[in-house]
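Student: I'd like to go through this one with you. Can we take it piece by piece?
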Amino acid sequence: MKIIMLGAPGAGKGTQAKMISEKYGIPHISTGDIFRANIKEGTELGKEAKSYMDAGKLVPDELTVRILLDRVAKEDCRDGYVLDGFPRTIPQAEVLDEELKKKGDQVDRAINVDVPDENIVGRMSGRRACLKCGATYHIEHLPPKKEGICDACGSELVLRDDDKPETVKKRLSVYHEQTQPLIEYYEGKQILCTVDGTKDAREVFAAIERNL
Ligand code: AMP
């Protein structure tokens, strides 16, 4: 099963992607996580991506598509995957479709986690991330067991630079301009389902399960 998660930054698509990955036994692939891992390791890719990410902009398609196609070519993706944060532009979606088509394959479902802009800024300022293992939390909706500490690996949790309010506003405008058109794109392919992302994470997941 090949699933795509759509939604504004902070809509909770990462949390849902993780739940889907666990339930269906398919890898959760986040291009944002891949970029952050590269930044941490100080690779050339990381250096290039960081300047765009810190400004709230998208990393150029060419670079993003290359790292995504490398990742989905790996053995663990043979039976499918859930993509979180890719595609983010129509050209990215088209490249993915073309690559899958070459193998007689296609995306099965695009899940749009719908949250109005008004809710996003507040949500993101409460978000906390573990820079070591990539886990994310929310101080109100999904708190770690011990304040400021990652449940999974015990490292310190931080507010990511790109979750700061100024950057969030920029990311939202980029989302509306470049990513939102994908909703219509997948609707046209009749594989879109939209769920209400303002609900509790478990309720959102139940709605997704009904659609898969
Ligand atoms: P995320 O963790 O998915 O919110 O991604 C964090 C940042 O990484 C984004 O704001 C972009 O700068 C960059 N990024 C992640 N995925 C993509 C993508 N598919 N295309 C372009 N930039 C991306």
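Tutor: A term to begin with: helices here are DSSP runs of at least four residues, numbered from the N terminus. Note too that this is a predicted model.

Student: Fine. Where does Gln-92 sit?
Tutor: Gln-92 is in helix α5.

Student: Buried or exposed?
Tutor: Buried: the relative accessible area of Gln-92 is 2%.

Student: What does the side chain of Gln-92 have 2.8 Å away?
Tutor: A polar atom of that side chain lies 2.8 Å from the backbone nitrogen of Arg-88.

Student: And which residues does Gln-92 contact beyond four places in sequence?
Tutor: Asp-61, Thr-64, Val-65, Phe-86 and Pro-87. Asp-61, Thr-64 and Val-65 are in α4, and they are part of where α4 meets α5.

Student: How do α4 and α5 pack?
Tutor: Helix α4, residues 61–72, and helix α5, residues 90–102, pack at about 35 degrees, and their axes are 10 Å apart. The crossing is right-handed.

Student: Which residues of α5 are involved there?
Tutor: Pro-91, Gln-92, Val-95, Leu-96 and Glu-99. From α4, the list also includes Leu-68 and Leu-69. By class, the contact has 6 nonpolar, 2 polar and 2 charged residues.

Student: Switching topic. How many aromatic pairs are there?
Tutor: The structure holds 1. Tyr-185 and Tyr-186 form an edge-to-face pair, with 5.0 Å centre to centre and 85 degrees between the planes.

Student: Why does Tyr-185 count as buried?
Tutor: Because its relative accessible area is 18%, and buried means under 20%.

Student: And what is the relative accessible area of Tyr-186?
Tutor: 0%, so Tyr-186 is buried as well.

Key: Residues are numbered from 1 along each chain as its sequence is written. This is a predicted model: local features need pLDDT of at least 70, side-chain atom pairs count only at pLDDT 80 or more; totals for chains, interfaces and linings use all residues. Side-chain values use heavy atoms; hydrogens and water are left out. Rings of Phe, Tyr and Trp (its six-membered ring) pair if their centres lie within 6.5 Å; planes under 30 degrees apart count as stacked, over 60 as edge-to-face and the rest as tilted. Buried means under 20% relative accessible area, exposed over 50%, partly exposed in between (1.4 Å probe, protein chains only). Axes are lines fitted to C-alpha atoms, for helices over the stretch in contact, and angles run from 0 to 180 degrees between N-to-C directions. Helices (H or I, at least four residues) and strands (E, at least two) are DSSP runs, numbered from the N terminus. A crossing is left-handed if the near helix is turned anticlockwise from the far one by less than a right angle, and right-handed if clockwise. Contact means heavy atoms within 4.5 Å. Ala, Val, Leu, Ile, Met, Phe, Trp, Tyr, Cys and Pro count as nonpolar, Asp, Glu, Lys and Arg as charged, and the others, Gly among them, as polar. A polar contact is a pair of N or O atoms within 3.5 Å; within protein, one must be able to donate a hydrogen and the other to accept it, and residues adjacent in sequence count only if both atoms are side-chain atoms.
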